[in-house]
Amino acid sequence: MGGSSGQVTGYRHFTNLLLFIGNPIEKMLGINFDKRGWISPFVDENGNALAQGVINSPNLYGENEGGVAGTVHVQYGRDDQEVLPFYKAYMDSKELPASAFPYQSYLAFTGLGAVNNTGLIGGVVGALIPQYNNAFYVGNSGYMKEMLLWPKRIHVRNDGRPQWYDLKAEINKEIFYNAVDFELIPFDFDYFTTKTTGDVETTSDVNYRSYPGNGLIISNEFTTYFSTSINEITTQYGVSIYMNKPPELVGFVKMSAIITASGVDIKIDPVFSCTCVEFKIIKTSDNGVLKQYSLDAIVKCSESMRIGVSVIAQGSVYDSANAIHQIGANISGFNVFEPKSEFIQYIESMDINPIHKIREILTDDTAMNKPESSVNDVDFRKAADRIYSEGLGISWSITEKSCMDAINELCYHIEAGIRVNRQTGLYEMVLFRDNWFEEGEIHAISESKIKSMQYEITNADEVINQVNVNYYDRANIKNSSFSISESGLIQTLGRVNAETLDFPYFMNMRNAEIVANWKLKQLSTGAFKGSFTTGWREARKWNRYDLIRLPWSKRWTGTILVRIMSINLGGPTNNEVTIEFIEVVPATGMMNTTIVIDDPVNTQPELPKPCNAKVFELPYFEAVQAFGERNVNIELTDSPEAGYLCAIAEKPQNNSLNAALYTDSGNGFERVATINYCETAYLDQAIDRMSSAFVVKNVGNIASVRVGSRIFINDETMVYESYDAETKILTVKRGALDAIPQNHTADSILYFADDFVAVDQALYVEGELINAKVLTTTPSGLLPLSGAVTHGVEFNARAIRPYPPANVKINGEYWPEIIETDLILTWVDRNRLQQTGGEILGWYEGGVTLESNVSYRIIIRDADQNIVFLEQNIGTFNSYTLDISSIEFSTISIELIAERDGYQSLHTFKHTLTKPLSAPYDLQAVVS
């Protein structure tokens, strides 16, 4: 026969390319190929931007589609950025000038180049596939799949200058973990309060406690009391955490807290003895007397650490000098967790303050190009402070939009307006909030100065009682929606009258919900809307969005508070001022609202999860099934110590068709076989060596399993006989082929082999130790090597070894515990060569013709002293008798071994017996 011919089954595609983003950016937070998950190699562990990052996902698109791998260089749009060497070399080869593209941010995709390939792309692939060094791997389909980019530009302006009022530019800092599984880590802890200044009385509940890591919410309250005679006091609140060992990979601590203060102004700062990943404080309420803040923090773990807050109270501003005030914290919901993959990366996600974006549109030379002196800086800072405290950050990416459309959309997102003050000529921001204007800034006009009035009631015919809200869900990379209903109005009206609100620049539901509640209150409340004219000269000084206390006794009593929507000063001969207005609907106050969230649709592909698998040396029976009896016998004749590695696996998730078997024989892990998943079941309770029918749980499709096929459980092989789906009782033969019955604990996995044993074609020898991993495959890619359990297989020349004796009895019993008479040992023969077809025998069945050249060896020893009483080759006999009066022992160990040509059976019969105590004698009674 001729040699086998090679066949091309597909192509890998490589390229070098530049991908332009646009204007300057400060960071590249991540890149997402084909919505398969964010990859973030462009920032270091401290969040600093890097010049390049290595992408290492050659199986990202699945086993057949390949993935991406190479180096991505990031240019941030600086004026002094240099020409990338690979690009210059390419342009030089074309005799063309190379540009550094100043003020333009872009990505350059190249090969690994001089990057050390060891450990990348599944091992030393760079050495095996030279293209990885020269160009970026884009997969096997011939085109670059869609990618999402996550650039950040908050702290620099569009022209690269530092951001205006940078302290309040960044809002809603969040952490997105690019991971599948986390494990909570047990730890010990105690709470702490520390007074650093001031004459204070501190009360706290401080106890040393143990946390089992089971996801419980733990909380504790602290309170510090002080008198207003103290100008300033500082108190620290927090948690001290102690771990027996640091996390194996990178761990995190998450802490939540509520900080309150009564009658004082406070400042809150973090207290961390370790690296902070995220720290966010939001003021949630301020009614003048009680201030409340919410805090969330995530820090990187150390073996022991302290996390908390420092609260500085700065005197009383409300009560008398003799009053007692308090500040306090409720530290809650903290735990320590460890991501279960070394490829875990966290991506910082944050939004920009929309006030900063509006100001940039006004002043940037690529937008409206207004001089910065035309912006009321004090007013814009006031607005930026308010939006920052409310947490209403936005993110956007637009290609083309008019400046005024963009500003109006941003104002719509935050319930605000922008105007040019008619007295100063400066741009100002007005937030539509209840307390935005001070009382002295609200205008008043007498009714006698109003010449005419036109008005109507908004929503008189069609009251809006529900809003359908659309926003962008950044965490799931998709547009999302929910609805808010005014339940009382729905019952009154008898039907739903809905309006749609679009918030494309909000990246989370929280922001969209806050503003949607404001807008629903306006839409569901009848308010006056209209215009009036006046010849009063003072009205000519008013500005758009100012507030007026407006009287009109013909329709309402007293005054109503209205907002100016436009002002018309009339012509040169007409001194009348026409003002359009709308009644102010307070944003605060109770509403009977209900929020309905759409059922979440998971648009993210289900990533590969680790699977349960059994990896072992191929038994003789399985080798014959895989290669044929004749070939196996020839191979063993030539190389008696030869062995093959095989594996069987349980399906871990619905979208996985199979798993990949990887082995490492000293040169890194390489793929050697594909594993088709088998059916499995779990022991519902522990079983002993005699059990042949027992209850199982988590049962797969056993109805598809062939009767008589093998079942692998721990170190024993069973034979499938039947399964009762109603009682969940599985009936089997125990100790088949070269195995001996064993005791098994509850939850042990039974793998129904049938025809699903995958075999590594490589030949190994006795004594060789091979590491193997089973990697789940899905359409989303391949489980990383680091995410799979390492199975170590030491080869024992299993295929050549004879089967052990079966059906062993001691004095006519199976596995007796006590021996009282002479030891009579009986057994039956097994034949490795005979058991290659037909019905597989169980250990408790009768004998067959003994395999040629097989003999039996018996070893009897004192189990307590490990003293060998007897070791003897007894030939081909099937019984042995020992006069136990000839030896002294309390516990005796018996081992029965099959031998052939110097090879002993892989498993041997071992059992321990106890001799009962002799009857007492020579007793004396003492009577007193």
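**Salt bridges in a predicted model**

Me: What does Glu170 form with Lys152, and how far apart are the closest N and O atoms?

Reply: In this predicted model, Glu170 and Lys152 form a salt bridge, with their closest N and O atoms 3.3 Å apart. The pair links distant parts of the chain, since Glu170 sits in strand E10 (residues 170-177) and Lys152 in strand E9 (residues 147-152), 18 residues apart.

Me: Is Glu170 buried or exposed? And Lys152, buried or exposed?

Reply: Glu170 counts as buried because its relative accessibility is 19%, where the cut-off for buried is under 20%. Lys152 also counts as buried, because its relative accessibility is 6%.

Me: OK, switching to helix H4: what separates Glu360 and Lys357?

Reply: Glu360 and Lys357 are three residues apart in helix H4 (residues 354-363), so about one helical turn separates them. Their side chains meet in a salt bridge of 2.8 Å, N to O, and both Glu360 and Lys357 are buried.

Me: And which side chain does Asp546 meet in a salt bridge?

Reply: The side chain of Asp546 meets that of Arg419, at 2.7 Å from N to O. Asp546 lies in the loop between strand E31 (528-534) and strand E32 (547-551), whereas Arg419 belongs to strand E24 (residues 416-420), so this pair ties together parts that are 127 residues apart in sequence. Asp546 and Arg419 are both buried.

Me: Last one, how many salt bridges does the count come to?

Reply: The count comes to 38 salt bridges, taking a nitrogen-to-oxygen cut-off of within 4 Å.

Conventions. Residues numbered from 1 in each chain as written. Predicted model: local features only at pLDDT ≥ 70, side-chain atom pairs only at ≥ 80, totals over all residues. Heavy atoms only, no water. Helix = DSSP H or I, 4+ residues; strand = E, 2+ residues; numbered from the N terminus. Buried < 20%, exposed > 50% of the residue type's maximum accessible area, 1.4 Å probe, protein only.
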